[in-house]
Amino acid sequence: MNFGISFSSLSIFYSILLIKNFFNKKRINSYETKLYGWLVLTNFAGLILAIMCYFGVLYSDTYPIFAYIISRGYLVYLTSWIIILTIYVMMISTKSKNLSLYFKNVKIIMLIIGLLASTVTYILPLEYINKNGLVYSQGAAANFTFLIGGVLEVVCFIYMIKNYKKLKSKKYYPIIFYMTGGTVVMLIQKFCPGLLLMTSAETFVTFLMYFTIENPDVKLINELELAKNQAEKANRAKTDFLSSMSHEIRTPLNAIVGLSEIIKTSDNLDEIHEDANDVVMASLNLLEIVNGILDISKIEADKMEVIETNYSLKETLEELKKLTEIRIGEKDIELRCNFAVDLPDNLYGDKGKIKQIVTNLLTNAVKYTDKGYIDFDVSSINEKNCCKLKISVSDTGRGIKKEQMDKLFTKFNRLEEDMNTTIEGTGLGLAITKSLVELMGGNIVVHSTYGEGSKFTVFISQKISDGVILNDSDDEIITFDNKKVLIVDDNNLNIKVASKILKEFNLIIESAYSGQECLNKVKDNNYDLILMDIMMPKMSGVETLKKLKENSINTPVVALTADAIQGQSNKYIEVGFNDYLSKPIQKNELKRVLNKCLNGIVENNVKEIDNDIHKVSQIKDEDIELLNKKLEEVDMNNNEKNNALNIQYLKENDIDVDASLELLGDIDMYNETLNTFINESKERIQRLEKYKSEKNMKDYSIDVHAMKSDSKYLGFKKLAEISYEHEMKSKENDINYVLEHYDELLNEYNRIINIIGKYLRLK
């Protein structure tokens, strides 16, 4: 057997594998896959014909009719395969919008060409050669077939040249190989007809095309489609959630802002107390909403932890009972509590999560019950040191439809939301409840009849404890006398504000205006805490922190930055900071950070003070503090009368003085910081001009970042917004934006300078 037949025989093996993989795999029904399917089948038929042709020529004297049909059939195959390939090339190279009509016409033309070529092939003479071990055919029919193949190759080449920009597409790789390798093979067979390589070459091209045609796994497509639908559904749910959340957050916020404004202008002490209580209730409601969002975030990030302490179960249940009675308010609902007499006094477990679970269930019962009763039952099975709690909350509310039970614990989902538009809620409560129950190794069961009511039962195990119940109060007075804090910030105004806020904690405060100055100071001084700005020229806060670590400086370092986006605290803690404070500095957050970083040092000193003396001094301090507050109120009233006209001038020019005073504390500090702002204005503008002309966007962004921070502190709302845009664009190295909008920034900056200059002259 000659080499050509050997190649064809081996190629059949690959062709069978190709047919099996292609036709057994689910595929998209496109022009491309249809053409490729015909190409694969035609190639397989061609391989069979090539082998049969060898034997037909070999025994042509014995079986002349068989030799005639098979030898010309093989030539028809060669024409058919190149016709299908040409249609394929035309398809991937065509931009026609109406592909269906276009390829209908193309297929008709190619079919006519194929039929005419086949007819001519069977008419033209063909000579059979069998000598010196070589078996092949040659003659006019063979030459005509090669001519047709050559013409169609030219057609393919023209289409490829017309679409040369697409040649980088992987779809053209097999075609390019055929145009080059196929031409070489045709020349070889022309001059060495005994080497039948053409069919094997076409098999190889067909095999290559399997990896380049657009034939994705239909099963995978279905899975992706399902995932896409689920993602879209989740996005819609989150969008609905955000819409609902906007309403839920605004409701308590409106109460807080509105009542606070009333308190500021009211002289009736009773009304002030009543409104203050309402503000507290609205604040707690808002806190509950925010905590729900944070809890979901922690649960999804797998960062929710069980924090176990000793606690009184009966006291906890009584707290929950009182809170529920407050929630019921004027509703016609009877709260019926049944706490088993054998409940242990003290347990060891996560009291906070137990309260949260039960609170969510009781709150839901109150929300969805208009009248009737709510049963709050708690019992337990006590074995040795283990208490298996059974907590049930049942109501006579609206109930849940059977078909909606599987959606009950889905986050961002509220059942029958169209009917519950007047009911507060975010759709997170039950999702959080189920997650918390499972986190604590428990189980939750729901029974509900639509229109009659629901019953939620939770099973959770806690340890029975004989330990001491610790007081959770955080009212202990802690001082930080003689503790040294270094504030690192390139902005003088930021340092002044931070120093002012820190003064009330009796701290020794020093400052550094750059990362390098910070490094120099820590070499010669021992600091108990470093507050580090992040964005500074030459050496950023993160880079400075790394230098401190390299020099074995173990002083706690807290990131101080206006980058207050959710999740940034984790980012800074991960790079080595001990904690994170956002600008403008909130006093409560500052106190938390100081307690965290300095409490370990101070706590021992506090415990050395005698408790009785501490109580007496505390009472005296309270009396003195009360007297000081009265005096401050008198001074404040006088100052307000003296400054009202000047402050009104600032407000008329769109400066948010009230917000600034809340941050800075008093009018004297505000005026002082305004003076600092003006004194630095000339140098700041000179620097901005320089950085702009040099296209130095790195230092430009740092200066406009400082301008944004100053503006927020001082109530320059519009300047803060403009400088923020310049900061973001300069960080992106968007020089064109800076150049186009620089005048806007400069005009607003000069406007502010003129206003505060006039204000300060009026003082």
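**Close-up views of a predicted model**

**View 1. Helix α13 against helix α21.** In this predicted model, L493, N494 and V497 in α13 meet S709, D710, Y713 and L714 in α21, where contact means heavy atoms within 4.5 Å. Helices (H or I, at least four residues) and strands (E, at least two) are DSSP runs, numbered from the N terminus. The axes of helix α13 (residues 492–503) and helix α21 (residues 697–714) come within 9 Å and cross at roughly 40 degrees, which makes α13 oblique to α21. Axes are lines fitted to C-alpha atoms, for helices over the stretch in contact, and angles run from 0 to 180 degrees between N-to-C directions; angles under 35 degrees count as roughly parallel, over 145 as roughly antiparallel, 65 to 115 as roughly perpendicular and the rest as oblique. The crossing of α13 and α21 is left-handed, a term used if the near helix is turned anticlockwise from the far one by less than a right angle, with right-handed used if it is turned clockwise.

Residues are numbered from 1 along each chain as its sequence is written, and side-chain values use heavy atoms, with hydrogens and water left out. Because the model is predicted, local features need pLDDT of at least 70 and side-chain atom pairs count only at pLDDT 80 or more, whereas totals for chains, interfaces and linings use all residues.

**View 2. Helix α13 against helix α20.** The axes of α13 and helix α20 (residues 667–694) come within 10 Å and cross at roughly 165 degrees, which makes α13 roughly antiparallel to α20. This crossing of α13 past α20 is right-handed. On the α13 side, the residues that meet α20 are N492, L493, K496, V497 and K500, and their partners in α20 are M669, E672, T673, T676 and E680.

**View 3. Helices α3 and α5.** Helix α3 (residues 64–93) and helix α5 (residues 140–162) have axes that come within 9 Å and cross at roughly 5 degrees, and the two helices are therefore roughly parallel to each other. Residues of α3 that make the contact include L75, L78, T79, I82 and I83, while those of α5 include A141, A142, T145, I148 and G149.

**View 4. T180 in helix α6.** T180 is found in helix α6 (residues 173–191), and its side chain reaches the backbone oxygen of I176 at 3.0 Å. With a relative accessible area of 48%, T180 is partly exposed; buried means under 20% relative accessible area, exposed over 50%, and partly exposed in between (1.4 Å probe, protein chains only).

**View 5. K651 in helix α18.** K651 lies in helix α18 (residues 611–652) and, at 34% relative accessibility, counts as partly exposed. Not counting residues up to four places away in sequence, K651 touches V657 and D658. K651 and G715 are 64 residues apart in sequence and 9.5 Å apart in space, C-alpha to C-alpha.

**View 6. Cysteines C53 and C337, with the whole protein as context.** C53 counts as buried at 10% relative accessibility, whereas C337 counts as partly exposed at 28%. The structure holds zero disulfides, a disulfide being a pair of cysteine sulfur atoms within 2.5 Å. The protein has 23 helices and 14 strands, and buried residues make up 42% of its 763 residues. Of the contacts in the protein with a separation of 6 or more, 71% are accounted for by residues 24 or more positions apart.

Terms used:
A polar contact is a pair of N or O atoms within 3.5 Å; within protein, one must be able to donate a hydrogen and the other to accept it, and residues adjacent in sequence count only if both atoms are side-chain atoms.
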